[in-house]
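Trainee: I would like to go through the labels attached to this model and ask what each one rests on.
Mentor: Then let us take them in turn, with the cut-off beside the value.

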Amino acid sequence: KIVKGAMTTDHFKNKQESEFSDVEGQLEDLNDELSELMADLEEVRLREDDLRRVNEKINRHVLFYSVTACAIMFAVGGYQLFHMKSFFKKKKII
């Protein structure tokens with residue numbers, strides 16, 4: 001059995017049982033578990049910040065790509081209209 005974190009410390013072995021009661025030992029165990037949870041929560045917050053930065057960067061890239069693609073489509077559409085108009089004028093259809 002692998003034990004890690006707050007469960008690795010046994011407060012009853014560190015002090016003689018006559019020094020404090022069972023409740024005090026349990027409180028120390030709970031305090032250790034709470035400290036471990038707080039450290040884990042801070043790690044999750046840091047990871048969330050990193051992922052938020054990556055997400056915002058990707059959103060900026062997608063927005064730039066979308067605007068660029070729309071600009072290119074409008075430019076090509078305008079060119080096609082101009083070219084078709086001159087083509088039809090040459091053929092004397094218009």
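Mentor: Start with the term salt bridge: a side-chain nitrogen of Lys or Arg within 4 Å of a carboxyl oxygen of Asp or Glu. Keep in mind that this is a predicted model.

Trainee: What makes E48 and R52 a salt bridge?
Mentor: The N to O distance between their side chains is 3.1 Å. The cut-off is within 4 Å, so the pair qualifies. Both residues lie in helix α2, 4 residues apart, which is about one turn of the helix. In general, side chains of opposite charge can pair when their charged atoms come close.

Trainee: What joins D49 to R52?
Mentor: Their side chains meet in a salt bridge, at 3.1 Å from N to O. D49 and R52 are 3 residues apart in helix α2, about one turn of the helix. Salt bridges that share partners therefore join E48, D49 and R52 into one network. D49 has a relative accessible area of 32%, so D49 counts as partly exposed.

Trainee: How do you know that E43 and R47 form a salt bridge?
Mentor: By the distance again: 3.1 Å, N to O, between the side chains, against a limit of 4 Å. E43 and R47 sit 4 residues apart in helix α2, about one turn of the helix. E43 is at 43% relative accessibility and R47 at 46%; exposed would need over 50%, so E43 and R47 are partly exposed.

Trainee: How many salt bridges does the structure hold?
Mentor: The structure holds 5 salt bridges.

Trainee: What span is expected of helix α2, and what does the helix reach?
Mentor: Helix α2 covers residues 22-90, 69 residues in number. At 1.5 Å a residue the expected span is 102 Å. The helix reaches 100 Å from its first C-alpha to its last, close to that value. The chain as a whole comes to 2 helices and 0 strands.

Trainee: Why is V23 called exposed?
Mentor: V23 has a relative accessible area of 51%. V23 is found in helix α2.

Trainee: What makes V23, L27 and L30 a patch?
Mentor: They form a nonpolar patch on the surface, with about 300 Å² of accessible area together. Nonpolar side chains are joined within 5 Å, provided that each residue has over 30% relative accessible area and no salt bridge.

Trainee: What is noted about the phi of K92?
Mentor: Phi of K92 is near 60 degrees, a positive value in a residue other than glycine. Most residues other than glycine have a negative phi. K92 is in the segment after α2. At 73% relative accessibility, against a cut-off of over 50%, K92 counts as exposed.

Trainee: How much of the chain is buried?
Mentor: Buried residues make up 4% of the 94 residues in the chain. The chain exposes about 8,800 Å², and carbon and sulfur atoms supply 62% of that area.

Conventions:
Residues are numbered from 1 along each chain as its sequence is written. This is a predicted model: local features need pLDDT of at least 70, side-chain atom pairs count only at pLDDT 80 or more; totals for chains, interfaces and linings use all residues. Side-chain values use heavy atoms; hydrogens and water are left out. The expected span of a helix is 1.5 Å times one less than its number of residues. Patches are made of residues with over 30% relative accessible area and no salt bridge: like charges are joined within 9 Å, nonpolar side chains (Val, Leu, Ile, Met, Phe, Trp, Tyr) within 5 Å. Accessible areas come from the Shrake-Rupley method with a 1.4 Å probe; for residues, only the protein chains shown count as cover. Buried means under 20% relative accessible area, exposed over 50%, partly exposed in between (1.4 Å probe, protein chains only).
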